[in-house]
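Student: I have a new model open and I'd like to learn how to read it. Could we go through some features one at a time?

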Amino acid sequence: SEITVSSGATEAFASCLRALCKPGDPCVWFQPFHELYPSQVSLFYLKPRAVTLRDENNKWTFCPNELDRALRGARLLLFNSPHNPTGHVFSHKEIRLIATLCRKHNVI
């Protein structure tokens, strides 16, 4: 009953940003990132915050403290798994940690 049809991923992404954020809201994502993120965030006057994914022994990982800091005062976390462009599939443990931090900071 709550389905939105769009003409493509870019349009759907833009619609979500417009619906969920207001100008000046911080928006967090993992880097490296899809090229769409900075342009769309800029278009809606959002403040970008990136959390670095690091390749450690052929496994992508992030620093929980870095994510915690980035989420403070943020409105939205752009999250996809598998991650684009690294292909990293976040583990259940990582997803639980990300969700816990988002709840802690009231981030969508």
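Student: Let's start with Tyr45: is this residue buried or exposed?

Tutor: Keep in mind that this is a predicted model. To judge a residue, look at its relative accessible area: over 50% is called exposed and under 20% buried. Tyr45 has 62% relative accessibility, so it counts as exposed. You'll find Tyr45 in the loop between helix 2 and strand 2 (47–52).

Student: Where does Asn57 lie, and is it buried or exposed?

Tutor: Asn57 belongs to the loop between strand 3 (54–56) and strand 4 (59–61). With a relative accessibility of 78%, Asn57 is classed as exposed.

Student: Which residues does a cis peptide bond join?

Tutor: The angle to read is omega. Pro32 sits in the loop between strand 1 (26–31) and helix 2 (36–43). Another cis bond links Ser81 to Pro82, and omega there is about 5°. Pro82 is in the loop between strand 5 (76–78) and helix 4 (92–104).

Student: How many disulfides are there?

Tutor: For a disulfide, two cysteine sulfur atoms have to be within 2.5 Å. Searching the whole structure turns up zero. Take Cys16: the closest cysteine sulfur is the one in Cys21, 9.5 Å away, so the two are too far apart for a bond. Cys21 is in no disulfide either, as its nearest cysteine sulfur, in Cys27, is 5.6 Å away.

Student: Where is His105, and what is it in contact with?

Tutor: His105 is in the segment after helix 4. Its relative accessible area is 17%, so His105 is buried. To see what is around a residue, set aside its neighbours in the sequence. Leaving out those within four places, His105 contacts Asp68, Leu71, Arg72 and Ala74.

Student: Now the whole chain. Why does its radius of gyration agree with that of a compact globule?

Tutor: A compact globule of 108 residues would have a radius of gyration near 13 Å, and the chain has 14 Å, so the two agree. Along the principal axes, the C-alpha atoms fill a box of roughly 40 × 30 × 30 Å. As for burial, 35% of the 108 residues count as buried.

Student: What do the contacts in the chain join?

Tutor: Here you look at separation in sequence. Of the contacts between residues at least 6 apart in sequence, 57% are between residues at least 24 apart.

Student: And what about the surface and the charges?

Tutor: The chain's accessible surface is about 6,800 Å², and carbon and sulfur atoms hold 54% of that. The chain carries 13 positive and 9 negative side chains, with the centres of the two sets 9 Å apart.

Note on methods
Residues are numbered from 1 along each chain as its sequence is written. This is a predicted model: local features need pLDDT of at least 70, side-chain atom pairs count only at pLDDT 80 or more; totals for chains, interfaces and linings use all residues. Side-chain values use heavy atoms; hydrogens and water are left out. The radius of gyration is taken over C-alpha atoms; the globule rule is 2.2 Å times the number of residues to the power 0.38. Buried means under 20% relative accessible area, exposed over 50%, partly exposed in between (1.4 Å probe, protein chains only). Contact means heavy atoms within 4.5 Å. Accessible areas come from the Shrake-Rupley method with a 1.4 Å probe; for residues, only the protein chains shown count as cover. Lys and Arg count as positive and Asp and Glu as negative; His and the chain ends are not counted. The place of a charge is taken as NZ of Lys, CZ of Arg, CG of Asp or CD of Glu. Helices (H or I, at least four residues) and strands (E, at least two) are DSSP runs, numbered from the N terminus.
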